[in-house]
Amino acid sequence: MRGRELITPSYSISDKTQTKIGKNAFKGCTSLKTFTANSRITGIGSKAFYNCTKLTTFVINSRDLTREDSKVGKNAFKGVKNLTVTYNEDNGYNAKSLAKKIKKTGAKKVYFYRDNLKRRLK
């Protein structure tokens, strides 16, 4: 699926068999505001959210995506200006770990929640 063709401002992967967000999956999708990843997502391809300028919320339901060895591809979030990474704290997911990876792949300002407080990654 090419991101530019997305009509709705929110997208959720609920298919439990999908484990990766592919290369260029939402590239250039300027209408995308919120993205929710299912519990099986282990990686994000390069330029997956490249120039998704309105993307502000990335919800993770996958512990695998927050692990240190999970992969976020080159320039996956380049062009994303203000992104908040949220997660289910009760399950021990580490949003800060993923927020660091997202910032390294091009997002300008990245926020995450810890102890129910929104924090900016520096």
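How many bridges join strand β4 to β6, and do they run parallel or antiparallel? Two bridges link β4 (residues 43-44) to β6, and the strands run parallel; helices (H or I, at least four residues) and strands (E, at least two) are DSSP runs, numbered from the N terminus. Pairing here calls for at least two DSSP bridges between two strands.

A word on the model first. This is a predicted model, in which local features need pLDDT of at least 70 and side-chain atom pairs count only at pLDDT 80 or more, while totals for chains, interfaces and linings use all residues. Residues are numbered from 1 along each chain as its sequence is written, and side-chain values use heavy atoms, with hydrogens and water left out.

As for confidence, pLDDT is the predictor's own score for each residue, from 0 to 100. The protein chain averages 81, with 85% of its residues at 70 or more. Strand β4 does best, at a mean of 90, and β1 (residues 10-12) sits lowest, at 71. Residues 1-7 are below 50, yet that stretch still has 19 contacts in the model beyond near neighbours in sequence; a contact means heavy atoms within 4.5 Å.

Back to β4: this strand belongs to an open sheet of three strands, ordered β2-β4-β6 with parallel pairing. The edges are β2 (20-21) and β6 (71-72), each pairing on one side only. Across from glycine 43 in this arrangement is lysine 71 of β6.

Strand β5 has parallel partners too. Four bridges tie β3 to β5, with phenylalanine 35 partnered by phenylalanine 58 in β5. Another parallel pairing, also over four bridges, connects β5 and β7, where isoleucine 60 has tyrosine 87 of β7 as its bridge partner. Buried stands for under 20% relative accessible area (1.4 Å probe, protein chains only).

Phe58 also turns up in the largest nonpolar core, which has 32 residues; Ile21, Ile44, Phe49 and Phe77 join Phe58 as those with the most contacts inside this core. Such a core is a set of buried Ala, Val, Leu, Ile, Met, Phe, Trp, Tyr and Cys residues joined through side-chain atoms within 4.5 Å. Elements giving two or more residues include β3 (34-37), β5 (57-60) and α2 (95-104), and α2 supplies the largest share, four residues. Leaving aside neighbours within four places in sequence, isoleucine 21 touches, among others, Phe35, Ile44, Phe49 and Phe58.

Terms used:
Buried means under 20% relative accessible area, exposed over 50%, partly exposed in between (1.4 Å probe, protein chains only).
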